[in-house]
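Please work through the following exercises on a protein model. Each task is followed by a solution in steps.

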Amino acid sequence: MIPLLAKPRVATLDRFVRELEAQSDDPLTTCAPDLAACSDADREAARWGWAFRVIDEYRSATRFTALLGDLLEIEAPFEVLAAVHRLIGDELRHARLCARFAGEFGSLEGVRIELDDLGWKGAPRPPRERALEIIVRELVIGEGESLAMMRAYRRATTDAAAQAVFDALLTDEARHFATGQHLEHTLLDAYPDLADFHASLEVTLLDDVRVIRSQHRDGARGGPGRAFGVSLTIDEAPPAIS
């Protein structure tokens, strides 16, 4: 796993870290999980559950970076570039926050989270088409489904610190979902010739929802760590798509 928790050794680089983290309130500066009454199983489930959430956040950062490259290549409007630049920073903050919260439940030394091979896997396409595909699949569908699932975990969570971390993540995820919708419409307005390609993605988007929800429901098996936001029952997960 990349050293998300390491302190920068260069003052100039540390400034960038501080500026990035200042873009959102840090919930862990004011609260910590209540471990007094939790079992060893709860603690271990929370440590691993939050550590694995780093993968999802880092995946989004890599794919939004690919999107930014395509948007730069097609000379997209400045406000579009600025929005995606901010999304990348948000996902990096989220990855670091999840790693820090996982560390509240025990050392992360020896926890190996594979972050390679998380880039965009779509078919080769011209930059305009690929940009639109990433927007609708990763931002509109991906972030929208993530938002629904994260809200389910937030409702099940009883620990105040975990609730605060979820609130920080949900604030950004809701903005990402809305941003994706605006970017989708902006690209279609700017490039009307993308309309047919956009329509052709309908089946793919339905398949994406089906797969994402199936994965979420497979992981909703109850178990330890519920108070800390890493355990749901199947009835609490978003419904399956047949």
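**Exercise 1: The pocket lining**

Task: State which element gives the most to the lining of the largest pocket.

Solution. Step 1: α2 gives the most, with 10 residues. A pocket is an open set of points on a 1 Å grid over the protein atoms alone, where a 1.4 Å probe fits, with protein on both sides within 12 Å along at least five of seven lines; lining residues have an atom within 4 Å of a point. Helices (H or I, at least four residues) are DSSP runs, numbered from the N terminus.

Step 1: The model is predicted: local features need pLDDT of at least 70, side-chain atom pairs count only at pLDDT 80 or more, and totals for chains, interfaces and linings use all residues. Residues are numbered from 1 along each chain as its sequence is written, and side-chain values use heavy atoms, without hydrogens and water.

Step 2: The lining has 35 residues, and Asp-56, Arg-59, Ile-212, Gln-215 and His-216 lie nearest the pocket centre. Elements giving two or more residues include α2 (40-73) and α7 (202-218).

**Exercise 2: The cysteines**

Task: State how many disulfides a search of the whole structure finds.

Solution. Step 1: The search finds zero disulfides, a disulfide being a pair of cysteine sulfur atoms within 2.5 Å.

Step 1: For Cys-38, the nearest cysteine sulfur is that of Cys-31, 15 Å away.

Step 2: Cys-98 is buried, with a relative accessible area of 0%.

Definitions and conventions
Buried means under 20% relative accessible area, exposed over 50%, partly exposed in between (1.4 Å probe, protein chains only).
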